[in-house]
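Subject: A structure for you to explore

Hi there,

Here is the structure I promised to pass on to you. Please open it alongside this email, and take your time turning it around as you read.

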Amino acid sequence: MANGYSELNDPLEQEKRFEEQDKKRKLGDLEAHTVDYDFINALGYVLPPTGGMGLGIDRLTMILSGLESIKEVVLFPQMKRED
């Protein structure tokens, strides 16, 4: 029904992933990130487990109206299927 997510809050694992990204950046990957030591330090002071669910108004309308397809509640006609 909705997208679920959780955030990585282990500072050691995050640092490892940042370092992998930094290696890719040095090899020319324009979308790779640098190591953010301030962020890693903040994680070390304990970030509570975070997670959630993204439920948009279109999905909520679909559930409340009992419809089976999200396309039936989309407001933009160009996204609806033509019969």
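Below is what was found in it, starting with the overall picture and then going into the details.

A word on the source before anything else. This is a predicted model, in which local features need pLDDT of at least 70 and side-chain atom pairs count only at pLDDT 80 or more, while totals for chains, interfaces and linings use all residues. Residues are numbered from 1 along each chain as its sequence is written, and side-chain values use heavy atoms, with hydrogens and water left out.

**The overall picture**

The protein has three helices and two strands. Helices here are DSSP runs of H or I with at least four residues, strands are runs of E with at least two, and both are numbered from the N terminus. Read from the N terminus on, the order is β-α-α-β-α.

How much of the protein is buried? Of its 83 residues, 12% count as buried. Buried means under 20% relative accessible area, exposed means over 50%, and partly exposed is in between (1.4 Å probe, protein chains only). The accessible surface of the protein comes to about 7100 Å², and carbon and sulfur atoms own 54% of that. Such areas come from the Shrake-Rupley method with a 1.4 Å probe, and for residues only the protein chains shown count as cover.

Among contacts between residues at least 6 apart in sequence, 48% join residues at least 24 apart.

**An aromatic pair**

The structure holds one aromatic pair. The ring centres of F18 and F39 are 6.2 Å apart and their planes stand at 80°, so this pair is edge-to-face. The rule covers rings of Phe, Tyr and Trp (its six-membered ring) with centres within 6.5 Å; planes under 30 degrees apart are stacked, over 60 edge-to-face, and the rest tilted. F18 sits in helix 1 (residues 11-26) and F39 in helix 2 (residues 37-44), so the pair ties together parts that are 21 residues apart in sequence. F18 is buried, at 13% relative accessible area, whereas F39 is partly exposed at 36%.

**Salt bridges**

Side chains of opposite charge can pair when their charged atoms come close. For a salt bridge, a side-chain nitrogen of Lys or Arg must be within 4 Å of a carboxyl oxygen of Asp or Glu. A search of the whole structure finds four of them, and I will walk you through some.

Which residues does E13 link up with in a network of salt bridges? The network joins E13, K16 and R17. Between E13 and K16 the N to O distance is 3.7 Å, and these two residues of helix 1 are three residues apart, about one turn of the helix. Between E13 and R17 the closest N and O atoms are 2.8 Å apart; the two are four residues apart in helix 1, again about one helical turn. E13 is partly exposed with a relative accessible area of 22%, K16 is partly exposed at 43%, and R17 is partly exposed at 42%.

Next, look at D22, which is also found in helix 1. D22 forms a salt bridge with R25, with the closest N and O atoms 2.9 Å apart. They are three residues apart in helix 1, about one helical turn. Is D22 buried or exposed? At 12% relative accessibility, D22 counts as buried, while R25 is partly exposed at 34%. Leaving aside its neighbours within four places in sequence, D22 is in contact with H33, T34 and V35.

**A nonpolar patch**

Finally, find M53, L55, I57, L60, I63 and L64, which form a nonpolar patch on the surface with about 620 Å² of accessible area together. Patches are made of residues with over 30% relative accessible area and no salt bridge; like charges are joined within 9 Å, and nonpolar side chains (Val, Leu, Ile, Met, Phe, Trp, Tyr) within 5 Å. The largest share of this patch, four residues, comes from helix 3 (residues 57-65). I63 is found in helix 3 and counts as partly exposed, at 41% relative accessibility.

Enjoy exploring!

Best wishes

Definitions and conventions:
Contact means heavy atoms within 4.5 Å.
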